[in-house]
Amino acid sequence: MTAETLTVDLGTETGPFHGGASGTLYGLYGDGVPSRAVVEGMYVRTVTTKAQDGVQHPGADALEILPSFVASGGKDVYVYTTDFHRGFPYEWPGATGEERLAGHLEIVRRQVRQARTLGALASHLVWVPFNEPEGNMFGTGEWSHDGVSWRTEPGPFFSAWTRAYRLIKEIDPGARVAGPNTSILYPEVRGFLEFARDHDVLPDVVTWHELSSPDEVRTKVAEYRAMERELGIGPLPVNLNEYAHNYHLSVPGQMIQWIAAVEESKVDADMAYWNIAGNLNDSAVEANKANGQWWLFNAYGQMSGTTVRVTAPHPNVQYTLQGVATLDRDKRQARVLFGGAGGAADLVVEGVDAEVFGTRVHLRLQEIPWTGQVGASAQPLRLRDLELPVTAGRVTLALTGLDEMSAYQLIISPGGNGAVPLAPSTGWRATYEAEDALYTGGGYSRNGPEGSPSAVDRFATSGGYHVGGLRTGSDGVLAFDVEVPQDGTYDIRVFANSYNRADLVRESGPTNVFLRVDGEDPRELLLPLGYKWAVWGHADTRAELTRGPHRITLAAQDPDLGETEGDAVIDRLDLALRDERQVDVYEAEFAALGSGARVDCAYRGASGPGAVVLPRGGTVTFWAHAADDGEATVTVDLLGPGEGLLTVNGEEIGPAVRGPVPLFLAGGVNKVTVTGTSERLVVDRLTVGPSRGLLPTTAYPAQEGTLTGAAKVTAYSRATGGKAVDGVGAGPANALTLTVTAAHAGRHALTIRYSNGEQAPATHYNPDPICRHADICVNGAAPHRALFPTTFHFNDFRHLTVPVTLDEGTNTVTLTADELPDFDGDTRNPHGQRSPYAPVIDRITVTPLAAHP
């Protein structure tokens, strides 16, 4: 097959980089879920969420997420005032349409008044009085205002819009109002805009949903801009505040197609909420980990300068190779994000300005693979690092073996400065589909097809099919015949899923299966739980393999280890050759720069194509991955003299020293920043390697703590030692207190192994897991509140780290909880959506954040 061509023209600029595709609907549950590092590192620009104290879903209350979102760099929070109500269509109370509307307007009044108490933060709010009015409050259904669609009789909706708009502006003249928030850009929106223009109630932001395809994004935004010109209004900001489907979300190769269309249209857009709140629409895993989609948005958010023209082989056609590109002349850097098709392609970069890049360019090519909705991902893979001459302003990079589920990033910098190309960050890799593997025994099922272009409501699945049969009582064995090119250590990754509410899973928790290589070396794998079937994560292990063929089996029974409890489906098995000597490298010139930091490509012998020069107060920020919570060996490579300050996840560590230092990193995403404290500091790169065991770490089983009130030790088979502490909360009398010791006073990581399977009854397709919280009190000081996301089952344990200050010697750590009130401090959620309990606590591990000076 002939390779297709994606052309990037650096000589044709299309406007300032906007970054608007990184919005989220219901993506934030509360402060800490997801973590601030995850929110900031995804460069989330806009959030659409429910009205404060609404009962549509648990969490995601507008005024509660607002402060931490703004602190994480967020721009605007769009408030769905209608999501104060239960149900969908919205169940707004009242015997008549006027009663219903009057009651809803009182809710709007209370919301805006409450927001005014937040001072300057309220300027980040955008009020959405009605959501999908044609199918809800002003449609033809049971819960309609008058049983007539506004599309055929617009008067009642226009009147309601006017009353809501003027009410909001009366309470807060500076407030912004968004609408009409239709499910698509109907032709009737033109009449709405004409009415709003003539009655001085034009929305400050025009919103609609684009639950269609990327090609419709470009088409409909252009159609809307034509309406504006015809009506003599605007141009107004636009937010497509629901976009993409289950089949697209979590898949970098799908989402880059949406990102390219949104960025080209220079609008904001929020990913749709089909599943659970607080995971950035299937971007975040647990509280602080990232999947492949997160890393795509991390790369997108670090684009800068101006966008440039990208010509795809099939312009504006979904499910084909698409891309977005930027040129930053000040950084002397161009970036291209692309993907959406497998196989081969030629990436042609034209208009390469010799004044910016010279006559030779340095190219860094990375892959951002799909890792599933709930499967954590490391940073993007380095595929190629090379230099090429520029010929007549053009460079061509021939690509083979593209994966349609992956996205790719190419970073272009000046070459010819002696940079030593780095080897690929991973060696040989192969994927084996479960539906192609050999299954023996009973209970087999080949399930699918799952998500596809003709079934976008279903989840993306590798190869479209998956295999069931490994469940309680089964004798099934799934055998993968593999062949590896050399002796070595191989990472084995099993993509799998267990639905947390399935009959055989509900009682036991995560499904266990047994893996063997060539019938030997048995080990138990706990497969990931999800909120529905075909929600993919992965279970990982390693094995020493000799060159040649092998058989890797997954079995429901093992003569040495036991039997499967639960019910699982398997999607695929991945193998990758592991380099045990490898450290993770993050180049400063590719990192996020601030406060006058600049890229300098004149440093011969630098790790990559350049280095970063920090003035006093200048910053370079790296988004560094750690597989687990704990010690890592971190090195900031500096060139020449100068001084700087190192911070990790907002915690000041101390001077940026030369040479490796042991630091505590949180499992998942870590924000590592170097700030210049001298007139000049040159940063080459950051490296992260494995622990050297230099930070003292002590684990304290919760069952050995002091329990008061209803707190009790309970059996959980997946807890450490088979027991954990339950019943903490429902008032401060029910508490867990542990006595911990610290060799030195200072900041420490409190890593809590916990479980949380609480889930509220839902009114429609969204599962509604509840985040529990704990108030953590150290040595009697004011408590710190930590939010714990779902683990999908009380017998499935995860980790969450909370930084605390400990005294030298003995310290007491007490955990309590109670039901949190509504914003007014008096009323309570009537649907059990605010849990009074802390999570089940298994153990707490204490580690210094850094070595004692």
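These legends accompany several close-up views of a predicted model.

**View 1. Helix 2 and the elements around its buried residues.** Helix 2 covers residues 62-71, and within this helix A62, L63, I65, L66, S68 and F69 are buried. An α-helix has 3.6 residues a turn, so residues three or four places apart point the same way. A reader can follow this spacing along the buried positions of helix 2, for example from A62 to I65 or from L66 to F69. These buried residues pack against helix 1 (36-41) and helix 3 (97-116), and also against strand 3 (46-50), strand 4 (76-80) and strand 5 (125-128). After helix 2 comes G73, whose phi is positive, near 95 degrees.

**View 2. Helix 4 against helix 5.** Helix 4 (residues 155-171) packs with helix 5 at an angle of about 45 degrees, and the two axes are 11 Å apart. Angles under 35 degrees would count as roughly parallel and those from 65 to 115 as roughly perpendicular, and helix 4 and helix 5 are therefore described as oblique to each other. Their crossing is right-handed. On the side of helix 4 the contact is made by F157, F158, W161 and T162, while helix 5 contributes G191, F192 and F195. Sorted by class, this contact of helix 4 with helix 5 holds 5 nonpolar and 2 polar residues, and no charged residues.

**View 3. Helix 5 against helix 6.** Helix 5 (residues 189-198) and helix 6 cross at roughly 35 degrees, and their axes come within 11 Å. Helix 5 passes helix 6 in a right-handed crossing. The residues that make this contact are R190, L193, E194 and R197 of helix 5, together with Y224, M227, E230 and L231 of helix 6. In the contact of helix 5 with helix 6, 4 residues are nonpolar and 4 are charged, with no polar residues.

**View 4. Helix 6 against helix 7.** Helix 6 (residues 214-231) and helix 7 (residues 252-265) pack at an angle of about 10 degrees, and their axes are 8 Å apart. The two helices are therefore roughly parallel to each other, and their crossing is right-handed. From helix 6, the residues P214, V217, R218 and V221 take part, and they meet Q257, W258, A260, A261, V262, E264 and S265 of helix 7. The contact of helix 6 with helix 7 divides into 7 nonpolar, 2 polar and 2 charged residues.

View 5. G323 is found in strand 13, which covers residues 322-328. With a relative accessible area of 12%, G323 is buried, because buried means under 20% relative accessible area. Leaving aside residues up to four places away in sequence, G323 touches L6, A260, V310, L337 and F338. One of these, A260, is also among the residues of helix 7 that meet helix 6. G323 and N181 are 142 residues apart in sequence, and their C-alpha atoms are 28 Å apart in space.

**View 6. Two residues other than glycine with positive phi.** N181 lies in strand 6 (residues 176-182), and its phi is near 65 degrees, a positive value in a residue other than glycine. The relative accessible area of N181 is 0%, so N181 is buried. Y43 is found in the loop between helix 1 and strand 3, and phi of Y43 is near 55 degrees, also a positive value in a residue other than glycine. At 26% relative accessibility, Y43 counts as partly exposed.

View 7. The bond that joins F88 and P89 is cis, with omega about 10 degrees, and P89 lies in the loop between strand 4 and helix 3. The peptide bond from G234 to P235 is also cis, with omega near 5 degrees, and P235 is found in the loop between helix 6 and strand 8 (238-243).

View 8. An unreviewed UniProt entry lists residues 430-576 as "domain: CBM6". Over these residues the chain is 3% helix and 56% strand, and the end C-alpha atoms are 7 Å apart. S498 has its place in strand 25 (residues 488-499), and at 0% relative accessibility S498 counts as buried. Not counting residues up to four places away in sequence, S498 touches V505, T511, P528, L529, G530, W533, D567 and A568.

Technical notes:
Residues numbered from 1 in each chain as written. Predicted model: local features only at pLDDT ≥ 70, side-chain atom pairs only at ≥ 80, totals over all residues. Heavy atoms only, no water. Helix = DSSP H or I, 4+ residues; strand = E, 2+ residues; numbered from the N terminus. Buried < 20%, exposed > 50% of the residue type's maximum accessible area, 1.4 Å probe, protein only. Contact = heavy atoms within 4.5 Å. UniProt positions renumbered as here; feature names shortened; annotations may be inferred. Axes fitted to C-alpha atoms, helices over the stretch in contact; angles between N-to-C directions. Parallel < 35°, antiparallel > 145°, perpendicular 65-115°, else oblique. Left-handed = near helix turned anticlockwise from the far one by under 90°. Nonpolar A, V, L, I, M, F, W, Y, C, P; charged D, E, K, R; others polar.
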